[in-house]
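Keep the viewer open and follow the residues as they come up.

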Amino acid sequence: MDSPSSPPLSDSVPNVVGTTDVAGQTTDEGRGRIFPCDGCGADLHFHIGQQKLQCPYCGHTKAIELGDDAVIREQDFHAMLAHLQKLHDEKIEDQEAGDQNEVRCESCGANVVFVGTLTSSFCPYCGSPIQRERVHKCNRRVPVDAVLPFLVEEKVARGNLSDWVQSRWFAPNDFRKHGVDGHFHGVYLPYWTFDTLTFTQYSGMKGVYYYVTVGSGKNRRTERRTRWYPASGSFQRFFDDVLVPATENLSNDMLHALEPWPLAKCLPFNQQVLAGHFARTYDVELAPGFVKGRALIDAAILREVRQRIGGDTQRVHSVNSRYDGITYKHALLPVWLLAYRYRDKSYQVFVNAATGEVQGERPYSWIKITLAVVTGLAAVAAVVFFMNQ
């Protein structure tokens, strides 16, 4: 089941976070550094431009190490559910998850995973202080299968954010003038991807429009009517990499708006890629994750049913689908996240760190919106007036 590149499931064990002294060298209660620099011994961080590990102090670089047998594998959905249930029923304690640590933000409830030492004292999701003494080993979780490395550097993300602010026509003028002031956090967000072969049977009615002339004199007019014909059928469809955000308390609409993701560029999970970044743990468990994924699949199936029924309009009476060969992957996808304040209110902005797409919250100018509504109503009134003339 578990790929060779996936970390083991683990149990929660208290741990003490290290501190950083001169030259960035980490002292951590006797534990060695996770990715030590061969030059000076400091912790290496993932460098986006070079796609390598790099020392922030002496500049030494090191290639990401992927074993010859490191591949991204589709995992059996039902087998993993049975495995997790067995762990729960038998209270089996698994090995610790190596050097992965976890800390919870008590303000927004986010659980974040990091490798090595804690690189920030503030939550990247809400900006609240993180209590370092509450760091512990990762809880028992479904292993990560794939990670999409950061491909967009922070300066590019900030430039895209500036363009995004300028394009918000209904934002207050001072907001568009001064832009967004805040610190970007590079974070990995958890996602589930699902594959399944579906078989669907459907029945309904195909509607075909036709037009008749009714009335006489001034009341003569053309009306549209519909002829209905029965329709039914069946079809197979394979769904590949149906993407489901595995987080709560973050806007799913915004996360979906960041799509598409270049999933073909994912690497087999490797902790080295996480060096220097937070990775949020999933809040949506595997089984509920598929429920969300199935809703997306069902919506796509319904659209195809309507296409297959055809005609000008459709009535769908029944859609029965079977899902076979369900597989999943647990993937980490990169986001530049910025929390900022405007007039004592908090907002969040997400930048897809693989494509540069920007989505986020922003303030509105109700004066601009009111003027736009008034202008629109005036334009409609003018059109009606000239038509009556």
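## Overall picture

Two residues are in contact when they have heavy atoms within 4.5 Å of each other. With that in mind, residues 24 or more positions apart account for 73% of the contacts in the protein chain with a separation of 6 or more. Please remember throughout that this is a predicted model.

The protein chain has 389 residues, and 43% of them are buried. Its secondary structure consists of six helices and 17 strands.

## Strand E11 and its partners

With strand E14 (residues 278-280), E11 pairs in the parallel sense, over two bridges.

Which residues does Val-187 stand opposite? In E15 the residue across from Val-187 is Val-335, and in E14 it is Phe-278. Elsewhere, Val-208 has Arg-227 of E12 as its bridge partner. The hairpin of E11 and E12 has six residues between the strands, and there Gly-215 takes a positive phi near 75°.

## A three-stranded open sheet

Strands E3, E4 and E5 form an open sheet in the order E3-E4-E5, with antiparallel pairing. E3 and strand E5 (61-62) stand at the edges, each with a single partner strand, so one side of each has no neighbour in the sheet.

Strand E4 (residues 52-54) pairs with E5 in the antiparallel sense over two bridges. Within E5, Thr-61 is the residue that Gln-54 stands opposite.

## The largest pocket

The largest pocket holds about 460 Å³ of space. Its lining is made up of 22 residues, and those nearest the centre are His-45, Glu-154, Gly-276, His-277 and Trp-336. Strand E3 (45-47), helix H2 (154-166) and E11 are the elements that give two or more residues to this lining. The largest share, three residues, comes from E3.

Phe-350 belongs to strand E16 (residues 345-352). Is Phe-350 buried or exposed? Phe-350 counts as buried because its relative accessible area is 1%, and the cut-off for buried is under 20%.

Leaving aside neighbours within four places in sequence, Phe-350 is in contact with a set of residues that includes Leu-250, Met-254, Leu-255, Leu-258, Val-335, Trp-336 and Leu-337. Further contacts of Phe-350 include Glu-357, Val-358, Gln-359 and Gly-360. Phe-350 and Phe-184 are 166 residues apart along the chain, and their C-alpha atoms are separated by 9.5 Å.

## Cysteines without disulfides

A disulfide is a covalent bond between the sulfur atoms of two cysteines. How many disulfides does the structure hold? The count is zero. Cys-55 is in no disulfide, and the nearest cysteine sulfur, that of Cys-40, is 3.5 Å away. At 3% relative accessibility, Cys-55 is buried.

Cys-58 is partly exposed, at 42% relative accessibility.

## Backbone details to check

Most residues other than glycine have a negative phi, and most peptide bonds are trans. Two places in this model are worth a look with that in mind. Asp-241, in strand E12, has a positive phi near 55°. Asp-241 is partly exposed, with a relative accessible area of 23%.

The other place is the peptide bond between Glu-259 and Pro-260, which is cis, with omega about 5°. Pro-260 sits in the loop between helix H4 (252-257) and strand E13 (267-268).

Key: Residues numbered from 1 in each chain as written. Predicted model: local features only at pLDDT ≥ 70, side-chain atom pairs only at ≥ 80, totals over all residues. Heavy atoms only, no water. Pairing = 2+ DSSP bridges. Helix = DSSP H or I, 4+ residues; strand = E, 2+ residues; numbered from the N terminus. 1 Å grid on protein atoms, 1.4 Å probe; cavity = no way out; pocket = protein on both sides within 12 Å on 5 of 7 lines; lining within 4 Å. Points joined across faces, edges and corners; volume = space filled by probe spheres on them. Buried < 20%, exposed > 50% of the residue type's maximum accessible area, 1.4 Å probe, protein only. Disulfide = S-S within 2.5 Å.
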